Amino acid sequence: MNEAEATATAAAIASGPERIVLVAIDDDGARVGFVHVETAVDFFTHESHGHISTLIVASGGEGRGVGRALLDAAERWCRARAYRLLTLNVFEANAAARRLYDRAGYRVDTIKYLKELS
């Protein structure tokens, strides 16, 4: 998964206005996180909206509001583009991220089921 995220993020940095990578920098100038936001189109409504593809907080930034600051920056980018919605995916077992998203006002929209076939 890390390789896939790295490839997608590198492509986002090099691409056009439909996506952006925003970096959080602490008071010492250290990079402590980033968020990759892109334009997506809803499958059912065909509405363009923002989608957080990747949100990473470095261990040195955890518990310091970095994740929330990155979410806020992603929301500002979407509002500037007049998007009504901002979506993201999170693994069910990622309790810390889910708490952050809950506190930031996100809610569950769809649930994806998975069955491993042997």
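Predicted model: local features only at pLDDT ≥ 70, side-chain atom pairs only at ≥ 80, totals over all residues.
Reader: Where is Lys112 found?

Author: Lys112 is found in the segment after α3.

Reader: Is Lys112 buried or exposed?

Author: Lys112 is exposed, because its relative accessible area is 77% and the cut-off for exposed is over 50%.

Reader: And how far apart are the C-alpha atoms of Lys112 and Asn89?

Author: These two C-alpha atoms are separated by 9.7 Å, while the residues stand 23 residues apart along the chain.

Reader: What about Ile111, where is its place?

Author: Ile111 also belongs to the segment after α3, a helix that spans 95-103. With 62% relative accessibility, Ile111 counts as exposed.

Reader: Which residues form a nonpolar patch on the surface?

Author: The patch is formed by Val108, Ile111 and Tyr113. Together they have about 430 Å² of accessible area.

Reader: Let me turn to the inside. Which residues touch the most other members in the largest nonpolar core?

Author: They are Ile52, Leu71, Tyr101 and Tyr106, in a core of 20 residues. At least two residues of this core come from each of β2, β3, α2, β4 and α3. The largest share is that of α2, with six residues. In soluble globular proteins, nonpolar side chains tend to be buried together.

Reader: What does Tyr101 touch?

Author: Leaving aside residues up to four places away in sequence, Tyr101 touches Leu55, Leu71, Leu88, Val90 and Tyr106.

Reader: Changing topic: how many salt bridges does the count come to?

Author: The count comes to six salt bridges. One of them joins Arg81 to Glu18, with the closest N and O atoms 3.2 Å apart.

Reader: Where do Arg81 and Glu18 lie?

Author: This pair links distant parts of the chain, 63 residues apart. Arg81 is in the loop between α2 and β4, and Glu18 is in the loop between α1 (2-14) and β1. Arg81 is partly exposed at 27% relative accessibility, and Glu18 is partly exposed with a relative accessible area of 41%.

Reader: Which residue does Glu47 meet in a salt bridge?

Author: The side chain of Glu47 meets that of Arg84, at 2.8 Å from N to O. This pair also links distant parts of the chain, 37 residues apart: Glu47 is in the loop between β2 and β3, and Arg84 is in the loop between α2 and β4. Glu47 is partly exposed, with a relative accessible area of 21%, whereas Arg84 counts as exposed at 61%.

Reader: Where do Arg79 and Glu75 lie?

Author: Both are in helix α2, four residues apart, which is about one turn of the helix. Arg79 is exposed, with a relative accessible area of 58%, but Glu75 is buried, at 18%.

Reader: Now Asp26: why is it counted as buried?

Author: Asp26 is buried because its relative accessible area is 16%, and buried means under 20%. Asp26 lies in the loop between β1 (19-25) and β2 (31-41).

Reader: What does the side chain of Asp26 reach?

Author: The side chain reaches the backbone nitrogen of Asp28 at 2.9 Å. Not counting residues up to four places away in sequence, Asp26 touches Val32 and Arg64.

Reader: One last topic, the backbone. What is phi of His46?

Author: Phi of His46 is near 65 degrees, a positive value in a residue other than glycine. His46 sits in the loop between β2 and β3 (48-57), and it counts as exposed at 61% relative accessibility.

Definitions and conventions
Residues numbered from 1 in each chain as written. Heavy atoms only, no water. Patch = residues over 30% accessible without salt bridge, like charges linked within 9 Å, V, L, I, M, F, W, Y side chains within 5 Å. Areas by Shrake-Rupley, 256 points an atom, 1.4 Å probe, with all protein chains shown as cover. Salt bridge = Lys/Arg side-chain N within 4 Å of Asp/Glu carboxyl O. Buried < 20%, exposed > 50% of the residue type's maximum accessible area, 1.4 Å probe, protein only. Polar contact = N/O pair within 3.5 Å; in protein donor to acceptor, adjacent residues only side chain to side chain. Contact = heavy atoms within 4.5 Å. Core = buried A, V, L, I, M, F, W, Y, C linked by side-chain atoms within 4.5 Å.
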